[in-house]
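Subject: Structure for your files

Hello,

Here is the structure I said I would pass on. My notes follow below it.

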Amino acid sequence: MSAALAQTPGTPAPSCGDPAPGRARAARVEAALGDPTDPANPYGYAALLTADRLAERFDAGEELLDSLGTPAEFVPAGLGGRLCSYEDLVAVMRPVFRRDVGLAMGYGMMSWMAASDVWLAGTEDQRAWVARLLLGGGKAAIAQHETAHSNDYVRSGVTARRTPDGLVLGGAKPLINNLERAHALVLFCRTGDEGGSRSHSALLLRPDALPADRAALLPRRVAVGLRGCRFAGLEFDACPVPETALLGPEGTGVATALRSFQLSRTVIASCAVAAVDTVLRTAVMFEQSQTSPARSGRRTDAARASASTTGAFVNLLLYDSLAVFALRALHLLPEQTSVYSAALKYLLPRVLIETMYDLSTVLGSGIYAREGSLGIFQKHIRDVPVLSLGHAGTAACQATIIPQLFRLARTSWGSAQPPPGALFRPGDPVPPTAADRLRLASGHESLTACLPSAADGVPGAGPAERALAAYARALAAELAHLRARVRGLERGARPGVWPAAGFALVDRHALLLAAAAVLGVWRQAGRGGDPFLADASWAAAALHRVARRLGLRVADLPAQCTARIRHEVQLRYGAQLSYDLYTTPVSG
């Protein structure tokens, strides 16, 4: 255990009303990681790609994060850690995701996901034990994946039956990240024979305390993505565990999971922006190397590459607008986050992964490079899609929203008031989290109210402002059309049966949420924020892309908007600034 980790439990809890320390810690992580393109940098691309090729952990990166006391980011301030704001947690972890998704997930985010269930449902003793474990550099794992049932976690392959001495486990969990080195394991298992939400429970176990003849470690599985992470399985054969291992009352496992998903979906999806930032930065670097004077004759290729990188930047800003809103909603509108977290995670493959694939056309055959500065492009293309699998996959996220569609159409769309401006201001202070206000399903969201309110309220008469107003009107009309379609489905629906058309309607709703978040961010930036974000060009481009995705007939984006965004892409590349809403310095 490093000295930094040993000292962490004794450090004073941070002031949770001040975001400055979180930004300072994020900058410290970025600076410590250093220039990724420097072959001599032990934390650079050359070293991490070697570890990836060998399917080994990036040990140098883990040691660096240990030295910075990073595990404290995953522990609430009230338990001796630094976790006050989920936006701060994302800020600190984005530099790690920008460098290596596998390092970020294997080192800390899997432990945080497991610990989140303990923070939500654990007893005082359970929370204190896990806090000491993480602050001391230990790891936690979470066992939810059900590969035999398409990752439907409520069809658990592990059962727990009561005995006079406690519980006895049977069955197997085949795919658990970090299991081999975890000192704490959050296990979801079936504790009731009946169906429904009361059939499952969560347990908090110590893997090293399980009897070796009753709990067998299954062989490691090496995946295509996250090759440095160690996935293994655990098989139980009449394995006894004490009743005190229950995490919350028996039968509350599904409720605990649905609440913790709101945290994990939002945070992990928000962190993914940083990985695609690196992909875009790599594509811009390659594009510039191909547009030198010696290659000036290839104008068609250069124009295509320019369109790809500009479009990718717009996609990142579109996605990050919803990410910022969802993160801040965990503090400011926790009752509504079941909708926002699921929509954000649903759009990860629809927006971010598609963006990476589009950028691959810029590199051409360079996408197959496994070494050097281009090698990270291919690694991120393998790693990022893994973040959207399992219980957080697209179908699971749609299934979270579909049961709420009828109520959303009745009580929110067209009648809700827009949310407060504080939800759209990246980095502003937020109050402490209120986990008790998280709802399994609220059936209410106020974000889409930004569409009709903005449709006739865009100031300015320039080409970008006129286009933005027109696109906002088109999307407000689409929201009204969506409401009518959902109400029509409700009238013909059978009780408890959700029509298949709901999946397509969730897709349209998620895109409208992202467009509404863009309008909110743009409006707030115009009140003294980033000059680029206050410019209507990027917002018009983002709404234009949403409208085209929805199949709406809208006018082309003004050329001035594209030129303004293109200039910002090049400016941020040269100034080494992040391609997100925070515009933070990056190492390279």
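In which helix does S264 lie? S264 belongs to helix α8. Helices here are DSSP runs of H or I with at least four residues, strands are E runs of at least two, and both are numbered from the N terminus.

Before the rest, the conventions. This is a predicted model, in which local features need pLDDT of at least 70 and side-chain atom pairs count only at pLDDT 80 or more, while totals for chains, interfaces and linings use all residues. Residues are numbered from 1 along each chain as its sequence is written, and side-chain values use heavy atoms, with hydrogens and water left out.

Overall picture

The protein chain contains 19 helices and 7 strands. Its C-alpha trace spans about 75 × 65 × 45 Å along the principal axes.

Of the 588 residues, 57% count as buried. Buried means under 20% relative accessible area, exposed means over 50%, and partly exposed is in between, with a 1.4 Å probe and protein chains only. The chain exposes about 22000 Å², of which carbon and sulfur atoms supply 54%; areas come from the Shrake-Rupley method with a 1.4 Å probe, and for residues only the protein chains shown count as cover.

Among contacts (heavy atoms within 4.5 Å) with a separation of 6 or more, 78% are between residues 24 or more positions apart. There are 60 positive and 51 negative side chains, and the centres of the two sets lie 6 Å apart. Lys and Arg count as positive and Asp and Glu as negative, with His and the chain ends not counted; the charge is placed at NZ of Lys, CZ of Arg, CG of Asp or CD of Glu.

Helix α11

Helix α11 covers residues 372–383, and its 12 residues reach 17 Å from first C-alpha to last, close to the expected 16 Å. That expectation is 1.5 Å times one less than the number of residues. In α11, 10 of the 12 residues are buried, including L374, F377, H380 and D383. The buried residues pack against α3 (45–53), α5 (86–99), α6 (101–121), α8 (253–290) and α10 (337–363).

Single residues

To return to S264: this residue counts as buried because its relative accessibility is 9%. Beyond residues up to four places away in sequence, S264 touches W112, M113 and A269. S264 and H444 are 180 residues apart in sequence, with their C-alpha atoms 20 Å apart in space.

L581 sits in the segment after α19 and is buried, at a relative accessible area of 5%.

Most residues other than glycine have a negative phi. A238, in strand β7 (residues 231–241), has a positive phi of about 50° and is partly exposed at 37% relative accessibility. Q576, in the segment after α19 (559–575), has a positive phi of about 55° and is partly exposed at 36%.

Regards
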